[in-house]
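Open the model in your viewer and keep the sequence panel beside it. The stops below say what to select and what is found there.

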Amino acid sequence: MIASNGGSGKKRGGSYGSPPRRPDWMGMLRRNALLLGFTVFIMVMPAWAVPLSKPLSIPIILTMRLVGVYAIVAVGLNLLMGYAGQVSLGQGAFFGIGAYTSALLTTKVGFPVWLGIPCAILVAMLFGVLLAPVLRLKGHYLAMATLAMGIVVFVFLREMTWLTGGNDGVRNIPHLSVPFLEITSTRGEFYYVWIVAIIVLALCSRLVDSRVGRAMRALHQSEVAAEAMGVPVSAVKKRVFILSAALGGLAGGLFAHLQRFIDPNQFSILLSISLVTMVVIGGMESVWGSVFGAGLITFLPKLVEALPRWLGEVPDWLERYSNYEGMILGVIIMLTMVFMPSGITKGMVDLVRWRRSSFVNPFRRKAVD
Amino acid sequence: MDFLGNCPQYIANGLANGCIYILVAMGFNIVFNSTGIINFAQGEFCMFGGLLAYTLAASLGLPLPLAIPLALASTAIIGAAMERLLVYPLRRAGALVAIIATIGASIFFKSLGRVLWPKEAYKVPEFTAGNISLPGATVSRQFLWVFGLTILSVTAVYLFFNHTKAGKAMRACSVNRFAASLVGINVMRMSLYSFVLAAALGGLAGLINAPYASYSMGLFLGVKGFTSAVVGGLGNTFGAVTGGIVLGLLEELIPGFLTVVLGVSTGYKDAVAAILLIAVLLLRPQGILGRGVVEKV
C-alpha cells in the first residue's frame, strides 16, 4: 500500500514516450538529507556512545534500542493523530497485542523469531480491522472510545490466564533473530531495531508526501471539504488506523524480544498515554518529531536517575525521582499545549522561520482545529 | 452459592457504586455543557477529595463535619486553579489540544497525589460505622450516606440549573456560547464556575467512595463516570443518573453471573464499563435518554 501510492505520483510523463530523464542524484540526496544524515548518525552511534556510557552512567545503547521501538509506534500514532487528526488513546493495545502474539508464538508454538514478528504485525492489523468502526466517532468521543479499547485489551491480557499467563506474564522469550542467526549482543539488537525503524521512517516520510498523505491532511482540515474533493474519507481513515495498528504490532513484537519478559502491566493505559505524549511533545504532523519525542520520553527518566551520580551527593528529594516523573511530564504536556500546540520540534522550526519572516508565528498557530 | 440468591447483594452494591458514578458523571456534564471540553482530569478530583478527607480527618484529627467541607472546598480550589491556568488560556484551541492538555493535567495530578500520599491505599473514615442487614443482603451504614448525599446533590444541581441566574446562564452557554456572550453572559466566568462545581462533585464522590482512597483511583473512576454520562446522554443531568445506575448494576450483575454460573474470573469486571462505553458510542451515541443526533455531517 505504501510503496504503490508513493510511486504512483511519480509516473507522470512516462507513458508519453518522452526520453527517460537521467536520475537527478544530487536532488535525491538533498531531498533525503534528513533521512541520510539520521541513518549515518545512528550507524556511527555505538562508536561514541559506548565509551561515553560509563562516565555518564547512562546505558545509551541499551536505552536507544527502546527509543527505536517507541519511535516506530509513535510514528504510526502520529500518522493517525497528527496527520489524519484522529485521536487514539489506545495505541498501547496494538503494541501489547503485537508483543503477546510474537512472544506466545515463539515460546509456545516454537516459531522462529523472524517469523513471529510478521505474525505480530498481521494479528495487530486484524485487530485494527475489527476495531476500525470506532473511527465513526469524532473528537472527545473517539478519544474515550479508544481509551476504552485500550482498557478492554489490557483486562483481557490480564485475565485470559490460559493463554497469556495473566499477571505472571510470559518468560524466557527468545532473542531477536534473522534466519540462521540469533542476535544476542546489545549492539546487534541496537542495529536490528534501528534498521527496522529507519525503513519504517523512510516509508512514512514518503507516505506523508504522497497522495494518501495529502488526503490525510485534507480530511484533518475538513472532512466535508475533503469528501467534496473526492477523498474517500472513511476509507482513508480506516487505512491509516490499520497502518498505525500494524506499526504498533511491529514495535510490540520487537519489544517482547528485547525485554524477553512481558506482563500485562507493561501495556496498560499508561503506555498509551506516554505514546500520545511522545507524539505531542515531538510534534504533530512531523515524522521526525515523533522520533525526538520517543527519545526524550525514554531518556528523561534515565537522565534524572543518573544525575545524582554525576553530582556525587544525592539530595533526598531526587532519590525517589520516579515519583516526580509524572509531574514533570504533566507540566511539559500542559506548557506545550498552551504555548506551542504544534509540538516542540515543529514549534522550534516555526520559531526559526518566524525570525526570518513575520508571517509565521509559532505561538499564535493553531495546531488542530 | 446460586446467582439468584446473591442478586439482592449485587443490586445493593451496584446501586451504591452507581451513586458514585452519578456524581462523577455530573461533573463531566457540567464542564462539557459550559466549555465543550471533556475533562480527563475529572477522576483526579475524586482522588483529591478522598485523600484530602483522609489527611484532614484521620491525620490532623479534625471532626468529620469540619473536615469534609474543607476537603470539598480544597478540591474546588484545585478545580478553579486548573480552569484559570489551563482551560482559560486554551479557550480558543481545538478539541485535540484540549483533550491532550487535560490528560496532561490528569498525569500531573496523579503524580502529585503519589508524591503527597505515596501508600497504596488510605482508609477514609466512614461517616457512621457498622452494617445493616436487609433480607438477602448486608450493606454498610455508609451506603445510606452515599444514597442520601447523591440524591441531595442531584436535587441541588437540578435546582441550581433551573432556578438560579448563574445556573440558567450556564445552560445558555451549553446551547450556544457565542449567543450567550452576546446577551451579556460572562462565558469565561461560567467556565470557572463549572470547574468549581465539577471539582466539588468529584471530590464528594471520592470522599464517600469509602473505605479506601489511593492516588491511582482517578483513571478508572473517570472512565466509569464518563461511561455513565455517555450512557445517559452527555450533558443531561437525569441522563447521568440513569447512566450511573445502569452502569453500577451491570458492573455487579454481569461479572456476578459470569463468575457464579460460568466460573470465570472476577477480574473481567474492569472491562464492563469500557465495553459498555464502546457499545453505546457506536450503537446509540446520543445515549439512552438522548434526543436527536449528536453530529452528522
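The mean for chain B is 87, and 97% of its residues reach 70 or more. Now select residues 293-297 of chain B: the pLDDT there is below 50, and beyond near neighbours in sequence this stretch has 6 contacts in the model. Two residues are in contact if their C-beta atoms, placed from the backbone, lie within 7 Å. For the complex, the predictor gives an ipTM of 0.87 and a pTM of 0.87.

This is a predicted model, in which local features need pLDDT of at least 70 and side-chain atom pairs count only at pLDDT 80 or more, while totals for chains, interfaces and linings use all residues. Residues are numbered from 1 along each chain as its sequence is written, and chains are lettered from A and ligands numbered from 1 in the order in which they are written.

**Chain B as a whole**

Show chain B as a cartoon. Its secondary structure comes to 11 helices and 4 strands; helices (H or I, at least four residues) and strands (E, at least two) are DSSP runs, numbered from the N terminus. The radius of gyration of chain B is 19 Å, close to the 19 Å of the globule rule for 297 residues, so the chain is as compact as a globular protein of that length. That radius is taken over C-alpha atoms, and the rule is 2.2 Å times the number of residues to the power 0.38. Along the principal axes, the C-alpha atoms of chain B fill a box of roughly 60 × 50 × 35 Å.

Of the 297 residues in chain B, 51% are buried. A residue is buried if 20 or more other C-beta atoms lie within 10 Å of its own, exposed if 12 or fewer, and partly exposed in between, with C-beta atoms placed from the backbone. Among chain B contacts between residues at least 6 apart in sequence, 75% join residues at least 24 apart.

Select residues 64-87 of chain B, helix α3. This helix has 24 residues and reaches 33 Å from its first C-alpha to its last, close to the 34 Å expected at 1.5 Å a residue. The expected span of a helix is 1.5 Å times one less than its number of residues. Buried residues in α3(B) include Ala67(B), Ile68(B), Met82(B), Glu83(B) and Val87(B).

Move to α4(B). Its end C-alpha atoms are 31 Å apart, which agrees with the 32 Å that its 22 residues should span at 1.5 Å a residue. In α4(B), 20 of the 22 residues are buried, so the helix is largely enclosed by the rest of the structure.

**Where the chains meet**

Display both chains. The contact takes 39 residues from chain B and 44 residues from chain A. On the side of chain B that touches chain A, the elements giving two or more residues are α4 (95-116), α9 (218-232) and α11 (269-283). The largest share, 16 residues, comes from α4(B). By class, this side of chain B has 30 nonpolar, 5 polar and 4 charged residues. Ala, Val, Leu, Ile, Met, Phe, Trp, Tyr, Cys and Pro count as nonpolar, Asp, Glu, Lys and Arg as charged, and the others, Gly among them, as polar.

Which residues touch the most other members of the largest nonpolar core? Of its 206 residues, they are Ala145(A), Ala148(A) and Leu277(B). Helix α4 of chain A (residues 60-83) gives the most to this core, with 15 residues. A nonpolar core is a set of buried Ala, Val, Leu, Ile, Met, Phe, Trp, Tyr and Cys residues joined through C-beta atoms within 7 Å.

Centre on Leu277(B). Not counting residues up to four places away in sequence, Leu277(B) touches Met144(A), Ala145(A), Ala148(A), Thr227(B) and Val230(B).

**Stops in chain A**

Chain A has 17 helices and 2 strands, and 47% of its 369 residues count as buried.

Select Phe180(A), in the loop between β1 (177-178) and β2 (181-182) of chain A. Phe180(A) has a positive phi of about 70 degrees although it is not a glycine. Is Phe180(A) buried or exposed? Phe180(A) is exposed, with 7 other C-beta atoms within 10 Å.

Next, select Glu285(A), in the loop between α13 (269-282) and α14 (287-311) of chain A. Glu285(A) has a positive phi of about 55 degrees, although it is not a glycine. Glu285(A) is buried, with 23 other C-beta atoms within 10 Å.

Finish at Ile297(A), in helix α14 of chain A. Ile297(A) counts as buried, with 21 C-beta neighbours inside 10 Å. Not counting residues up to four places away in sequence, Ile297(A) touches Ser274(A), Thr277(A) and Met278(A). The C-alpha atoms of Ile297(A) and Leu329(A) are separated by 8.4 Å, and the two residues are 32 residues apart along the chain.

Technical notes: pLDDT is the predictor's confidence in each residue, from 0 to 100.
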